[in-house]
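Subject: Structure for you to look at

Hello,

Here is the structure I said I would pass on. Please open it first, then read the notes below it.

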Amino acid sequence: MKGLRLALIPVALGLLWVVVMDQAQAQKDAAPASFSVNDCRMCHEKPVTGMAGTPHARLEMKCASCHGDPTEHMKSEVEKGELGPIVSIKKMKADEVNQTCLACHDKARQSNWGGGVHERRGLSCVSCHSVHDFHSTQAQLKTSRDSETCFTCHTQIRAKGMRVSHHPVREGALNCASCHDPHDGTKPKMISAESVNEKCLSCHTEKRGPFLWEHAPVRESCLNCHDPHGSNHEKLLAAKQPYLCQRCHLNTRHPGTLYDGTNTLAGRSVTNRAVEHACKNCHQNVHGGNAPSGPYLGR
Amino acid sequence: MTRTRWLIFFLGLAVSAAAEEPPAKPDSPASPAPAASEMGPAFSLRRIDFGVQGVETDTNSSRFREYRDVPTGIFIPFARFAGDERFRYDVTAENVPQSAARYRVLAELGSIGLRAEVIKIPHRFGNSGVTLLEDTGPGVLSISPTLRQTFQGAIEQQFAANRAGVNYTFLSSLVNPSLSAESPIDLALLRERGQVEVRLTRDKPYDIRLSYFQEHRRGTRAAGTSFGFGNVVESPEPIDYRTRDFGATAEWTRKSLLLRGSFHYNDFANKNPFEQFDNPFRATDSTDPSAYTAPASGSIGGPAFGRESLPPDNKSVTGSVGFLYKFAKRSRLSADATLGQWTQNDAFMPFSTNTAITTPVRATDVSSLPARSLDGKIRTFSFSSLFTTRPADHLTLTARFRRYDLRNDTPRIAFPLGYVRFDAVWEDIPRVSVPYGNTTDAFTASAAYDFGTVSLEGGYRYDKWERTFRETESTGQNVGFVKADLRPSDWIVVRGSFEKGSRDFSGLEIEKSEDASFLNPGPPSNLLAVPSATVCPGGTVCNLRFDQSKKDLDRYGAFVELSPGGKASLTFSYVKGKDRYTESLFGLIRADNEAITAEADYTPHERVNVFAFYTRENISTLQRGRQSAATVSVNPLDDWTSEIKDKVDSIGGGATFGLVKEKVELTLNGNYQRVDGNNHFTSPVGGAPEVARRTTGGITDIPFFDDTNLYTLSAELSYHVTKGLRLGLGGWYEQYKLRDLNSNDITEGVLLTNYVPGSFFLAANDHDFKAHVLYVRASYLW
């Protein structure tokens, strides 16, 4: 209950703010004068063509939706031969870009952008997305796959993704957004679920249970044993068996025994506790088992 | 406040806000907007990529096609049909009609939006595995009764003549002729997923969506099925899973307020509730106290077949409500609460398959069980709230709180008479099931100030875990962090971050976790459950598991991006993480990781682009154990350490050259990763581990712990025949090599034998390969 009371802190802070501060002032966009997209296209053929077929192309105010009233911009070009004022996304600071986009997109997943780590580290919507020149089939990303976008900053994750044991991200069957929501500032590590386990269980539903015989670290966090970004050990394990299991199971007899090079297939004293699936050769139901005779998860 | 009150609070807030006034109409432009036709003619796109491909591999390793198809012959990697003539639609197909395909449909009809996807994901675990087991029915894997009777007879004869003669040499000569006559099997899984989402109120201030998801997983995977210490029979576990999910989400926006809610019903069904597998060495049931070690000099008993539970059917129901409120000073307050319930009540299988076990109960009879099913129930509750504001122009304050409560209401089921070990022998050890649960709280507060060129952020994070049935009542972790971003010019970005924290525990009862599953707990059998005073120096708690023990953590990060002139960019990044289990002498003691990356991208002109990256990772862990016999050793000479060090080099690069402007293009790409892993062991002279190895070469390191090499090189020359037609000629080469602990005697992808001491292994090939692929393809747009 103490923790729950802690929940009141940000809620109370926010409500206090509502009382103290003025209501947000509705910012009314300057109404654009009449213009034709073809006027824009004369100089900006590639960007205009690039957004064809996208929801942006069907906005009521077309280019003016983001770039403001182009009248003076065009007038100056025609009359003086020099560029007149226009709202340029390229010249905006990240925060200004975000405000422009969120004017329409502040809903659904994007509604949790504010306060998230990506916002706080100065990223903007156009760090990842492009309105005019996108390469992905979904979400108008600047790269063909979302992982390529994420890896520009998360380079260590790219290296992990090249490991032998991996989720099918590099094959394109999954992507970073399968597990993370880069817009959501409310969740740790931007996981798109209520917990790490709930995210994993959304695909690995067979491991949800509850089981007759549970395994405590499994119930608490899949990350106790797995590295979902990639691993050099089977099943994305964070370490190789039996050493992974021996981080906790130092029991009498076989669990606490040393398994070294002597016990491998090339060694002089081969044991089935160190080769192939090691501990899992017998304790297969390590995620939980439902057999009455399975307290050691072997049935 | 109870959960119900919380929900009432949020629902009340939502209803009162919704009742204030009807949603305002969106502002309409003051002047006539351009007509749709001004964007040009109605958008229409037709594209199809197709080609012919040849593939050559030197082995049948499954690794090459693990998650993908690489077809020989005609292939269609991509097709798309999109337009907005009458309504907007977008249909794409990838890898038609392979087993790793994706089909996607997007359509917008008035206020209705439709998004549908079908995706097939293969997972090939290994090829050409060898087993005596054959699939003879749902979940049933059998071996010829004649063969088993022959093996049993031969073993009984040897046991009668000379017990010590029932050893690996004898057994392998017995089984190898049969193994070599078996037909190989491939182990693979296919996920077939379909999902559809209907958006009922597109472009409205309220958004209602309905969704349906279905997945069918089928195939086999290697499973460790065992009859005891000396008779592991790895089997191809049958997989036939179906998952369905029905969902509904709603969101309503009114100026500064956003309300949202969702509901999901998820159902998992397994067609095979258990796997039944024959014992190669027995055709009839028998039992004796050492049967779990058979076949060996101590026993040749055991069951004729074993049975293992497979994942039971389960269901989950989840509902959530939340709101976001935006107000002055760019302030946002959001809160979401989610309630969930997971249930499972599949029928239990009997204690055992072994008809010879009749005391204290008839083990094959389900009526002997204390319960017929689990009636398992887990309730989850999560609450997350975020408040962020900008009280001054350049100052951002953020606070976040999350609670996740997993309350396991599954009843504890006692087995007062014990259970059956490996279907071989009754164990008179009364046990009771343990429904683990936990509650986590996380609070983060940070302040960021933007000075212009430099922005700084500092903050604090607190994480608390409360666990049931574990050694500690709770652990608390305090972390402070600072981050800095420096942008001295348009082309320089420098980021730095540092975190430092520590974790402590409270309410220690070190035997509690081990004792929890025993009705009559005896002396601890795990070193990590022994009273600390027995094994730890100086009053410390040196034998607490790593997820609860005292810990110091440090995280460093640096990132530099230079992009002078807009044609080139250089990026350097460095991250380091250190976890120190400060008082731990046993289990995991230290875990470090470090990665340094250099990356360059150069585009001298529009027809040339070159990029390359290199990452070096150093990963290291240290753990200590203590070898014990029948009781936990208190002799430090029995200690051993394992220090694992992985050095990982990842290199990638590529180039695109426009050889003839808008006509001919050459694309080159390459990726390479090399892992050098070593496991270094120590153990004092005179201790049990060292003494046991005096005649076998002493304590031996594993220098090829997880050594792997994987590289891919590709090239494509493409020619734009017309604006809509592109032809490409390309190829790629891929090579993979593995040398690791678990399978170090594998030569060129073939295990020397499927029968090793104490185990039948499938030895399905997922190892070394070299592959060449050559293709010609066309991309046609119209």
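The contact between the two chains involves 148 residues from chain A and 209 residues from chain B. Please keep in mind that this is a predicted model. Together the chains bury about 14,900 Å² between them, and 55% of that is on carbon and sulfur atoms. On the chain A side, A:Arg121, A:Arg247 and A:Arg299 lose the most area to chain B, together 6% of what that side buries.

One joins the side chains of B:Arg330 and A:Asp95, at 2.6 Å from N to O.

Several helices of chain A each supply at least two residues to the side that touches chain B, including H1 (2-20), H6 (94-105) and H11 (196-203). H1(A) gives the most, with 12 residues. By class, this side of chain A has 59 nonpolar, 53 polar and 36 charged residues.

Next, the nonpolar cores. The largest has 21 residues, and B:Ile155, B:Val175, B:Leu179 and B:Phe281 are among those with the most contacts inside it. Helices H2 (145-161) and H3 (168-180) of chain B each supply at least two residues of this core, and H3(B) gives the most, with five residues. Leaving aside residues up to four places away in sequence, B:Val175 touches B:Phe151, B:Phe281, B:Tyr755 and B:Phe760. Another core, of 20 residues, lies apart from this one; among its members are A:Leu250, B:Leu527, B:Ile644 and B:Phe681.

Regards

Methods: Residues numbered from 1 in each chain as written. Chains lettered and ligands numbered in written order. Predicted model: local features only at pLDDT ≥ 70, side-chain atom pairs only at ≥ 80, totals over all residues. Heavy atoms only, no water. Contact = heavy atoms within 4.5 Å. Buried area = accessible area lost by both parts, 1.4 Å probe. Salt bridge = Lys/Arg side-chain N within 4 Å of Asp/Glu carboxyl O. Helix = DSSP H or I, 4+ residues; strand = E, 2+ residues; numbered from the N terminus. Nonpolar A, V, L, I, M, F, W, Y, C, P; charged D, E, K, R; others polar. Core = buried A, V, L, I, M, F, W, Y, C linked by side-chain atoms within 4.5 Å. Buried < 20%, exposed > 50% of the residue type's maximum accessible area, 1.4 Å probe, protein only.
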